[in-house]
Structures are given as structure tokens and as C-alpha cells.
Amino acid sequence: ADTIVGIVGDGQLALMLAESLHRRGIGFKCLKQSAHSPMERTFPTECLDDAELFRKLCDVFTLENEFLSVQELNTLLLE
């Protein structure tokens with residue numbers, strides 16, 4: 001199976017990364033925080049608000065959101 005990149009965050013930086021992944025044929029999912037984010041508007045089918053499903057679907061993760069604490073990230077990605 002192909003690797004799926006998980007993008008934590010749904011703003012402009014996440015969108016630029018997603019566009020680059022899309023051009024290269026690399027799968028990705030975004031953990032969204034807003035219904036009206038740049039990612040949601042451009043890649044709505046790749047945006048999830050279910051953290052558990054996001055963890056299950058993604059093989060690797062990248063952080064595109066500076067608003068989460070280390071504890072929140074541990075909870076989000078490791079539990």
C-alpha cells in the first residue's frame with residue numbers, strides 16, 4: 001500500500017504541502033480544525049475531523065499547526 005501523509009493543521013502551510021503532495025501523487029489526509037479552512041475548501045474529501053480515524057489512515061505525520069502543545073499532540077497522535 002502507498003504511504004499516506006497525515007497533516008496536522010488545515011491552514012495555508014498545510015495547503016501548500018498538500019498541493020505539492022497531490023502533484024507528486026502522494027496520498028495525504030488533513031486533520032482539520034475549521035469547516036472553512038484553506039484545506040477544506042481545496043481538498044474537502046481529504047480533510048477529517050475524527051482524530052482516531054486520522055491516526056488509523058496515516059502512516060507518517062507532519063505538523064502544520066503551531067497552536068497545539070506537546071501534551072495535545074501526544075494525546076492526538078499516540079493514544
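**Burial, fold and salt bridges**

Biologist: What share of the chain is buried?
Modeller: Of the 79 residues of the protein chain, 34% count as buried. Keep in mind that this is a predicted model.

Biologist: How does the radius of gyration fit with a compact globule?
Modeller: The chain has 12 Å, which agrees with the value near 12 Å for a compact globule with 79 residues. Along the principal axes, the C-alpha atoms fill a box of roughly 35 × 30 × 15 Å.

Biologist: And how many helices and strands?
Modeller: The secondary structure comes to 4 helices and 4 strands. Starting at the N terminus, the order is β-α-β-α-β-α-β-α.

Biologist: What part of the contacts is between residues 24 or more positions apart?
Modeller: Such pairs account for 50% of the contacts with a separation of 6 or more.

Biologist: Switching to side chains. How many salt bridges?
Modeller: The structure holds 3. One of them joins K29 and E46, at 2.9 Å from N to O.

Biologist: Where do K29 and E46 sit?
Modeller: K29 is in strand 2, residues 27-31, and E46 is in the loop between helix 2 (38-42) and strand 3 (47-48). They are 17 residues apart, and the pair links distant parts of the chain.

Biologist: Is K29 buried or exposed?
Modeller: K29 counts as buried, because its relative accessibility is 18% and the cut-off for buried is under 20%.

Biologist: Which residue does K32 pair with?
Modeller: The side chain of K32 meets E40 in a salt bridge, 3.2 Å from N to O. E40 has 17% relative accessibility, so E40 counts as buried.

Biologist: That leaves the helix 3 pair. What is the spacing there?
Modeller: E52 and K56 form a salt bridge at 3.3 Å, N to O. They are 4 residues apart in helix 3 (residues 51-57), so about one helical turn separates them.

Biologist: And how accessible are E52 and K56?
Modeller: E52 is partly exposed at 44% relative accessibility. K56 is exposed, with a relative accessible area of 62%.

Biologist: Now the charges overall. How many positive and negative?
Modeller: There are 7 positive and 13 negative charges, and their mean positions are 5 Å apart.

Biologist: Last one: what does the accessible surface come to?
Modeller: About 5,000 Å² for the protein chain, with 54% of that belonging to carbon and sulfur atoms.

Terms used: Residues numbered from 1 in each chain as written. Predicted model: local features only at pLDDT ≥ 70, side-chain atom pairs only at ≥ 80, totals over all residues. Heavy atoms only, no water. Salt bridge = Lys/Arg side-chain N within 4 Å of Asp/Glu carboxyl O. Helix = DSSP H or I, 4+ residues; strand = E, 2+ residues; numbered from the N terminus. Buried < 20%, exposed > 50% of the residue type's maximum accessible area, 1.4 Å probe, protein only. Rg over C-alpha atoms; globule rule 2.2 N^0.38 Å. Contact = heavy atoms within 4.5 Å. Areas by Shrake-Rupley, 256 points an atom, 1.4 Å probe, with all protein chains shown as cover. Lys, Arg positive; Asp, Glu negative; His and termini not counted. Charge placed at Lys NZ, Arg CZ, Asp CG, Glu CD.
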